[in-house]
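Thanks for making time this morning. Let's walk through one chain together, from the overall fold down to single residues.

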Amino acid sequence: MRRSAKLFALLGVFSVLALAESWQGRLVDARCFEQSKSATTCDPTSSTTMFALMVSDKPFTLDETGNTKASEALKNRADRASDPSQPPSTEVMAKITGTKDGDNTLKVETVELR
């Protein structure tokens, strides 16, 4: 009986993970994007609290958990400039794993900055 319960629990975990998708795109400040309707001037900073992911010019807003994870990842991000003589890029590329909730909201499981 215990073996069956463990098996069903394990299958439940894997079925949830199988539903997860991933999106890659540009991370932007969601409040700035809502006001300007343009991602070109809305690069996130360490004080940004609401994020959106631009994928093929379509914005996906992050849920509360995603905003927290993106904020932490952005604060812990090391500058990865390939050429030290060039100014660092303010554009932030990200890979988000999670599920789509509604038309344009992502329920985030992981945030990976690139």
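Take the contacts in the chain between residues at least 6 apart in sequence: 56% of them join residues at least 24 apart. Contact here means heavy atoms within 4.5 Å. A word on where this comes from: the model is predicted, so local features need pLDDT of at least 70 and side-chain atom pairs count only at pLDDT 80 or more, while totals for chains, interfaces and linings use all residues. Residues are numbered from 1 along each chain as its sequence is written, and side-chain values use heavy atoms, with hydrogens and water left out.

Now the parts list. The chain has 3 helices and 5 strands. Both are DSSP runs, numbered from the N terminus: helices are H or I with at least four residues, strands are E with at least two. Reading from the N terminus, the order is α-β-α-β-β-α-β-β.

How do the strands come together? They form a closed barrel of 5 strands, in the order 1-2-3-5-4, with mixed pairing. From one strand to the next, the twist averages 55°. That angle is taken between N-to-C directions, on a scale from 0 to 180 degrees, and the axes are lines fitted to C-alpha atoms, for helices over the stretch in contact. Two strands count as paired if DSSP finds at least two bridges between them.

Look at strand 4, residues 92–101, and strand 5, residues 105–113. They pair in the antiparallel sense over 8 bridges. Ala94 stands opposite Leu113 in strand 5. Helix 3, residues 64–76, packs on the sheet. Helix 3 touches strand 1 (21–29), strand 2 (51–55), strand 3 (58–62), strand 4 and strand 5. The direction of helix 3 makes about 15° with that of strand 5.

Go back to the hairpin of strand 4 and strand 5. It has 3 residues between the strands, and there Gly102 takes a positive phi near 85°. Asp101 has Thr105, in strand 5, as its bridge partner. Strand 4 also pairs with strand 1, antiparallel, over 7 bridges. In that pairing, Leu27 stands opposite Val92 in strand 4.

Next, the inside. Of the 114 residues of the chain, 29% count as buried. Buried means under 20% relative accessible area, exposed means over 50%, and partly exposed is in between, with a 1.4 Å probe and protein chains only. A nonpolar core is a set of buried Ala, Val, Leu, Ile, Met, Phe, Trp, Tyr and Cys residues joined through side-chain atoms within 4.5 Å.

Which residues of the largest nonpolar core touch the most other members? Of its 16 residues, they are Leu27, Leu53, Leu62, Ile96, Leu106 and Leu113. Strand 1, strand 2, strand 3, helix 3, strand 4 and strand 5 each supply at least two residues of this core. Strand 5 gives the largest share, 4 residues. Apart from this core lies another, of 7 residues, among them Val28, Ala39, Cys42 and Met54.

Cys42 brings us to the disulfide. By the rule of two cysteine sulfur atoms within 2.5 Å, the count is 1. Cys32 is joined to Cys42, with S to S at 2.1 Å. The link is left-handed, with -70° about the S-S bond. Cys32 sits in helix 2, residues 30–36, and Cys42 in the loop between helix 2 and strand 2, 10 residues apart. Are these two ends buried or exposed? Cys42 is buried, at 1%, whereas Cys32 is partly exposed, at 22% relative accessibility.

Two loop residues deserve a stop. Most residues other than glycine have a negative phi. Lys37 has a positive phi of about 60° and is not a glycine. Lys37 is in the loop between helix 2 and strand 2, exposed at 62% relative accessibility. Asp57 also has a positive phi, near 65°. Asp57 lies in the loop between strand 2 and strand 3, exposed at 75%.

Last one: Thr48. It is found in the loop between helix 2 and strand 2. At 4% relative accessibility, Thr48 counts as buried. A polar atom of its side chain lies 2.8 Å from the backbone nitrogen of Thr45. Leaving aside neighbours within four places in sequence, Thr48 is in contact with Asp29 and Ser71.

Terms used
Polar contact = N/O pair within 3.5 Å; in protein donor to acceptor, adjacent residues only side chain to side chain.
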